[in-house]
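Hello,

Here is the structure I said I would pass on. Please open it first; my notes follow below.

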Amino acid sequence: YTRSVRKRLSKRSKFYVFDNGVTRAMVGLVSVPISPIERGRLFEQWLMQEVRRVNDYWRKDLKMYFWRTHNGAEVDLLLTRGREILIAVECKSGAALARRDFSGLRSFSEEHPNVPVYLCAPVDLDREAERSVRVIRPQTLFDLVKAL
């Protein structure tokens, strides 16, 4: 994400295939056990698919972006309407979270202190975490998208 449309067009994009099984088949991994790194990528892809589905079904007209600094700090999902960033979401596939899992959201919050930030993971309960980051379950994320 960048405010400049021209810069946005020149940035490297992320692409998500419409189905996790198709993604695994395309790279020849259907019969291989899922590695922890692949699990994270598939979890992120699944969340993006579902956020897009909720956005389309409820006709929210939200735009989906990701944010990355030149230093490599990253936030997986920004939902915007017009020029306003409504929420920022980092996706983590594990329920055991470490301090480093929040680093992208910390960097993002320094530049955009008024945007609500979330870390979405397969946790049992939603909870507050460091620096106003809320750790949420996937269903909570989908409910947030519906409410935007």
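**Aromatic pairs and cores**

Trp-67 counts as buried, because its relative accessibility is 5% and the cut-off for buried is under 20%. Keep in mind that this is a predicted model.

Phe-108 is buried too, with a relative accessible area of 0%. Trp-67 and Phe-108 form an edge-to-face pair, because their ring centres are 5.3 Å apart and their planes lie at 85°. The two residues are 41 apart in the chain, so this pair links distant parts of it: Trp-67 belongs to strand 1 (residues 63–68) and Phe-108 to helix 4 (residues 103–111).

A search of the whole structure gives 4 aromatic pairs. Another edge-to-face pair is Tyr-57 with Trp-58, at 5.3 Å centre to centre and 80° between the planes. Tyr-57 is exposed, at 60% relative accessibility. Trp-58 is partly exposed, at 46%. Phe-43, Trp-46 and Phe-142 are linked into a cluster by ring pairs.

Now the nonpolar cores. The largest has 18 residues; Leu-47, Val-51, Leu-79, Val-89, Leu-141 and Val-145 touch the most other members. Two or more residues each come from helix 3 (36–57), strand 2 (74–81), strand 3 (84–91), strand 4 (117–120) and helix 5 (138–147). Helix 3 contributes the most, with 5 residues.

Look at Val-145. Leaving out residues up to four places away in sequence, Val-145 touches Val-51, Val-54, Asn-55, Lys-60, Leu-62 and Leu-79.

There is also a second, separate core of 16 residues, with Ala-73, Val-115, Val-117 and Val-123 among them.

Best wishes

Key. Residues numbered from 1 in each chain as written. Predicted model: local features only at pLDDT ≥ 70, side-chain atom pairs only at ≥ 80, totals over all residues. Heavy atoms only, no water. Core = buried A, V, L, I, M, F, W, Y, C linked by side-chain atoms within 4.5 Å. Buried < 20%, exposed > 50% of the residue type's maximum accessible area, 1.4 Å probe, protein only. Helix = DSSP H or I, 4+ residues; strand = E, 2+ residues; numbered from the N terminus. Contact = heavy atoms within 4.5 Å. Phe/Tyr/Trp six-rings, centres within 6.5 Å; stacked < 30°, edge-to-face > 60°.
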